[in-house]
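Q: I'd like to learn how to read a protein model feature by feature. Could you walk me through one?

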Amino acid sequence: MTDPTTAAHASVAAPRVAFPPGFAWGAATAAYQIEGAAAEDGRTPSIWDVFAKTPGKVLNGDTGDVAVDHYHRFREDVRLMADLGLTSYRFSLSWPRIQPTGRGPAVERGLDFYRALVDTLLEHGISPVATLYHWDLPQDLEEAGGWPVRETAYRFAEYAALAGAALGDRVPVWTTLNEPWCSAFLGYGSGVHAPGRTNPADALKAAHHLNLGHGLAVGALREVLPASAKIAVSLNLHLVRPLTDTDGDREAARRIEAVGNRVWTGPMFKGGYDADLKADTAHLVDWDELVRPGDEAEIGRPIDLLGLNYYNPTVVSAPGGEVETAEAARNDGHGDSEFSCWPGSEDVVFHLANEDVTAMGWPIDASGLSDSLVGMHRDFGLPLLVTENGAAFEDVVGPDGGVDDPERVRYVDLHLRAVADAVAAGADVRGYYLWSFLDNFEWAYGYSKRFGIVHVDYDTQQRTPKTSARWYAEVIRRGGLA
């Protein structure tokens with residue numbers, strides 16, 4: 001099996017493309033995708049447990065009941081991280097493992113798992129980054145209305161306080177939400193993610209209450225965390241490009257940028273929701289009724305770091321072009337549904353940026369990562385983290401039991417170079433978290449898509465570092481790229 005790290009050993013101390021001192025070299029995962037132990041130690045169902053068990057929602061009827069059994073194998077997994085030289089690990093907490101109904105006191109058995117995980121990370125010199133919400137809302141709260149209901153934001157802040165009080169003495173970085181765009185617009189708009197609802201008004205209400213929950217959680221965390229702790233949010237901001245420079249295509253890009261990006265960044269960083277977003281969606285929600293006095297100030301509480309999850313750019317055009325909207329909607333990269341995940345802009349046409357695609361059908365274009373980071377630095381002035389970046393490919397186990405994945409090596413190399421370009425252009429990028437550390441349950445795709453740099457045999461749970469893992473280990477040792 002080809003080993004691209006061999007030639008790099010001689011130049012470990014002298015990278016051609018270096019990264020700033022203290023740069024965090026990490027990998028990321030999410031609780032429902034890896035933990036398993038779905039009904040152990042007091043954990044109750046999340047919306048993803050229910051969604052995955054609903055016929056037709058997840059490929060092959062796969063669920064996260066066992067996933068990759070990280071709940072029982074986390075010590076083995078942390079040893080693997082240490083062997084690869086990771087300096088940081090971004091994971092999420094399972095809300096229903098800590099607070100099963102989304103209300104009331106924490107379950108200590110659930111917290112004990114995360115205490116043990118964090119202690120093991122620290123013993124191996126790996127800095128933990130905890131994400132409070134990676135899409136696993138307790139099913140009890142969904143049955144009470146879910147994110148379209150304002151009360152859920154207050155329940156989220158209560159949960160944040162419980163988690164922060166229990167783990168804040170040993171977790172230096174906290175992320176409130178991961179990709180709230182997916183939670184709102186895939187969960188309540190197109191229905192391709194849990195809870196599988198398809199109401200555009202509810203999607204917009206969910207977006208506001210996720211924003212409000214973020215702001216309330218920031219306040220709750222500040223009350224319980226040490227002053228040294230950093231608070232972040234991870235957004236999958238869409239790098240939107242018009243197909244052409246025509247007025248119609250630029251208008252299409254504006255509309256998608258509004259409901260894809262500024263629905264979050266407006267209230268979080270700019271003082272409120274933009275007028276054009278409200279105008280685009282006024283036929284769906286009454287913004288004056290939805291946004292109560294003081295909400296935007298609450299959402300805009302200062303944070304310390306801004307995370308970007310980047311996979312590919314978004315190319316759009318006005319309706320009426322060569323590609324019919326119904327066909328082109330599949331090119332937004334967010335799954336197939338007869339319902340749109342772009343409320344108020346359902347007729348915008350999506351295009352692949354190029355034909356060089358991953359197993360997800362997502363185009364490979366690293367320039368979008370550098371463009372996004374430079375734009376975020378310019379617009380928001382916060383230290384940045386790349387909290388997710390990676391790719392699925394058709395990994396094959398070789399005769400020797402290894403997995404050679406040169407496509408993933410190429411992908412990550414291109415994107416790390418894009419991060420370096422952004423740093424050279426002045427962006428304050430503090431770390432990179434490769435998605436994902438382990439092959440795992442890939443949401444509606446079940447176990448059919450592999451993003452990990454560590455291969456998992458789902459029958460035996462055996463872990464095998466891929467070529468990309470060894471290559472990434474050399475990048476970390478070197479502090480940069482050859």
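A: Happy to. Let's begin with a loop: P195 sits in the loop between α8 (180-190) and α9 (200-224). Keep in mind as we go that this is a predicted model.

Q: What is the geometry of the peptide bond from A194 to P195?

A: Here is the general idea: most residues other than glycine have a negative phi, and most peptide bonds are trans. The bond from A194 to P195 is cis, with omega near 10°. Another cis bond runs from W435 to S436, where omega is near 5°. S436 belongs to the loop between β12 and β13 (454-456).

Q: And phi? Where does D41 lie, and what is its accessibility class?

A: D41 is in the loop between α1 and α2, and its phi is near 55°, a positive value in a residue other than glycine. With 30% relative accessibility, D41 counts as partly exposed. A67 also has a positive phi without being glycine, near 50°. A67 lies in the loop between α2 and α3 (70-84) and is buried, at a relative accessible area of 6%.

Q: Let's turn to strands. In what order do the eight strands of the barrel come?

A: The general idea is that strands of a sheet pair through backbone hydrogen bonds, either parallel or antiparallel. In this model eight strands close into a barrel in the order β2-β3-β4-β5-β6-β8-β11-β12, with parallel pairing. From one strand to the next, the twist averages 25°.

Q: How many bridges join β4 to β5?

A: Four bridges link strand β4 (residues 127-133) with strand β5 (residues 173-178), and the two run parallel.

Q: Which strands does helix α5 lie across?

A: Helix α5 (residues 108-123) lies across β3 (88-92) and β4, and it runs at about 170° to β3. Helix α15 (residues 367-380) packs on the sheet too, touching β8 (305-309), β11 (384-389) and β12 (429-435). The direction of α15 makes about 155° with that of β8.

Q: Can we look at one strand residue closely? What does the side chain of T387 make a polar contact with?

A: T387 lies in strand β11, and its side chain makes a polar contact of 2.5 Å with the side chain of N309. T387 is buried, with a relative accessible area of 2%. Leaving aside neighbours within four places in sequence, the residues in contact with T387 include A28, R90, S234 and Y433.

Q: Now the aromatic rings. How many aromatic pairs does the structure hold?

A: A pair of aromatic rings is described by the distance of the centres and the angle of the planes. The structure holds 35 aromatic pairs. Take Y89 and F91: their ring centres are 5.6 Å apart and their planes are at 25°, so the pair is stacked. Y89 counts as buried at 1% relative accessibility, and F91 counts as buried at 2%.

Q: Is the pair of F156 and Y159 stacked or tilted?

A: That pair is tilted, with 6.0 Å from centre to centre and 50° between the planes. F156 and Y159 are three residues apart in helix α7 (residues 151-167), so about one helical turn separates them. F156 counts as buried at 0% relative accessibility, and Y159 is likewise buried at 0%.

Q: Which residues form one aromatic cluster?

A: Y32, W48, F51, W135, F441, W443, Y447 and Y458 form one aromatic cluster. Y32 also turns up among the contacts of S46, which touches P96, D136, L137, P138 and Q139 as well, not counting residues up to four places away in sequence. S46 lies in the loop between α1 (31-34) and α2 (47-52) and is buried, with a relative accessible area of 0%.

Methods:
Residues numbered from 1 in each chain as written. Predicted model: local features only at pLDDT ≥ 70, side-chain atom pairs only at ≥ 80, totals over all residues. Heavy atoms only, no water. Pairing = 2+ DSSP bridges. Axes fitted to C-alpha atoms, helices over the stretch in contact; angles between N-to-C directions. Contact = heavy atoms within 4.5 Å. Phe/Tyr/Trp six-rings, centres within 6.5 Å; stacked < 30°, edge-to-face > 60°. Buried < 20%, exposed > 50% of the residue type's maximum accessible area, 1.4 Å probe, protein only. Polar contact = N/O pair within 3.5 Å; in protein donor to acceptor, adjacent residues only side chain to side chain.
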